[in-house]
Amino acid sequence: MSVLLRTLRPCVSGSLRSLSTAVRYSVNGQAKDVYKLETVDKLAKIGATEISLKFLAAPINPSDLNLAEGVYGTKPALPAVGGNEGVAVVTEVGSSVVSLQAGDWVVPVKTPFGTWRQFANADQNDVIKVRNDIPAAYASTLTINPATAHLLLREFEQLKPGDWIIQNGANSMVGMAVIQMAKEMGVKTINIVRFNRPDLNRTLKLLTNLGGDINTHEYYLNTPEFNEMIKEMPPIKLALNCVGGEVATDLARVLAPNGTLVTYGGMSKEPLSIPQDLLTYKQLKLKGFWISTWYENHSREEASVMLNHIANQVSEKKLTFFYRMHDLDDFDYALQKATEPFQDRKVVLNLDFPDRFKEHDARPSSDYWPFEAPVI
């Protein structure tokens, strides 16, 4: 007999449909163990200075894994919603809100905000309006990685066209943004990646295509050939470190006297070790950077100018990101992909995903394949 392959649909009551979905955690531990996809209650009515938000997209960042483990710079009260970054559309504004209106796109600048959910209420001062004509996945990732790249190129040295900088972790989202932003500024880049990448040559070619001037692996640093090349170049005044360990020490050796080494991450989990002679004889400056502290110490107006400048770069196709999207209800798989080694695409959660059951029921029976089964 012929049977239609039509998936059975669970019964969903009207009250359940009024609820929404969020990823929350109640204890600290490994992200895969503590982050749970849950159904949450409807939101309370907003206050005079609050806005209602419908989230569109939110990435999974390394900092989100640190939050789960309890080793991030801030620790929210538990239980909490995961996610540090995202973009939402305003659906309602309080009676005293004048700077925002329904339909505006906003990004949160309060950390941690809890962006892995479909709906939220927020104070108007906890978000910044951004343009709504760029892809939601791009808008959702503006506040951390590209913002970090923007500030690394401006906060520590007065770079001018023709200057050279060097960075490790160049294939990270920050690193690729640094390459593209530096190119627009007329600044040249030396870009270092890990040697053990299985796709090393493809990665180096990608960095070249993005505008990187010299792209190589970590073991080429501090070799006689590399050092001879450096001698023929203008002084390198800025080094950007997100890895730590020996490769960070090698970056410091490349710097010209009075140069600056900025550390904004430690992916290798190895300590930063700087020989005494680099500090005393070369008078190198060692700095640390954390984007959350920058937001705390600067006005919303300053943050708005920066974020909209970056959004304009995206709109003008001067800044490219690489991402893959997964619906929020497929969170476990999305997290698995985000934590795999040697990723070259940012995993972004689609928080405005369609009702797959509704899509299923709307299709005609002719869309489903019949098959023959024996009669028993």
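Mentor: Gly265 touches Asn241, Cys242 and Val243, not counting residues up to four places away in sequence. Keep in mind that this is a predicted model.

Trainee: What makes these residues count as touching Gly265?

Mentor: Contact means heavy atoms within 4.5 Å. Asn241, Cys242 and Val243 each touch Gly265 in that sense. Gly265 itself is found in the loop between strand E14 (260–263) and helix H10 (276–280).

Trainee: Why is Gly265 called partly exposed?

Mentor: Its relative accessible area is 28%. Buried means under 20% and exposed over 50%, with partly exposed in between. The value of 28% therefore makes Gly265 partly exposed.

Trainee: How far is Gly265 from Lys317?

Mentor: Their C-alpha atoms are separated by 27 Å, and the two residues are 52 residues apart along the chain.

Trainee: How do you know that His150 is buried?

Mentor: His150 has a relative accessible area of 9%. Buried means under 20%, so His150 is buried. His150 sits in helix H5 (residues 145–152). Leaving out residues up to four places away in sequence, His150 touches Met181, Met306, His309 and Ile310.

Trainee: Which residues of helix H7 are buried?

Mentor: In H7 (residues 200–210), these are Leu200, Thr203, Leu204, Leu207 and Leu210.

Trainee: What makes you say that they line one face of H7?

Mentor: Seen down the axis of H7, the buried residues fall within an arc of 120°, so they line one face of the helix. An α-helix has 3.6 residues a turn, so residues three or four places apart point the same way. The face turned away from the buried side of H7 carries the exposed residues Asn201, Lys205 and Asn209.

Trainee: What covers the buried residues of H7?

Mentor: The cover includes helix H6 (173–185), strand E11 (188–193) and strand E12 (214–217). After H7 comes Gly211, with a positive phi near 120°.

Trainee: Where do the buried residues of helix H3 lie around its axis?

Mentor: In H3 (residues 62–69) the buried residues are Ser63, Asp64, Leu67 and Ala68. They cover an arc of only 150° around the axis, so they are on the same side of H3. They pack against strand E2 (20–25), helix H2 (31–34) and strand E4 (50–59). Gly70 follows H3, and the phi of Gly70 is positive, near 80°.

Trainee: What makes a set of residues a nonpolar core?

Mentor: The residues must be buried, of the nonpolar kinds counted, and joined through side-chain atoms within 4.5 Å. The largest such core has 69 residues, and those with the most contacts inside it are Ile166, Ile190, Phe289, Tyr295 and Leu307. Apart from that core lies another, of 32 residues, among them Ala88, Val127, Leu335 and Val347.

Trainee: Which residues does Leu307 touch?

Mentor: Not counting residues up to four places away in sequence, they are Val107, Val109, Ile128, Leu142, Thr143, Ala147 and Tyr295.

Trainee: How many helices and strands does the protein chain have?

Mentor: There are 14 helices and 18 strands. Of the 376 residues in the chain, 48% count as buried. Among contacts between residues at least 6 apart in sequence, 73% join residues at least 24 apart.

Note on methods
Residues numbered from 1 in each chain as written. Predicted model: local features only at pLDDT ≥ 70, side-chain atom pairs only at ≥ 80, totals over all residues. Heavy atoms only, no water. Buried < 20%, exposed > 50% of the residue type's maximum accessible area, 1.4 Å probe, protein only. Helix = DSSP H or I, 4+ residues; strand = E, 2+ residues; numbered from the N terminus. Arc of directions from axis to C-beta.
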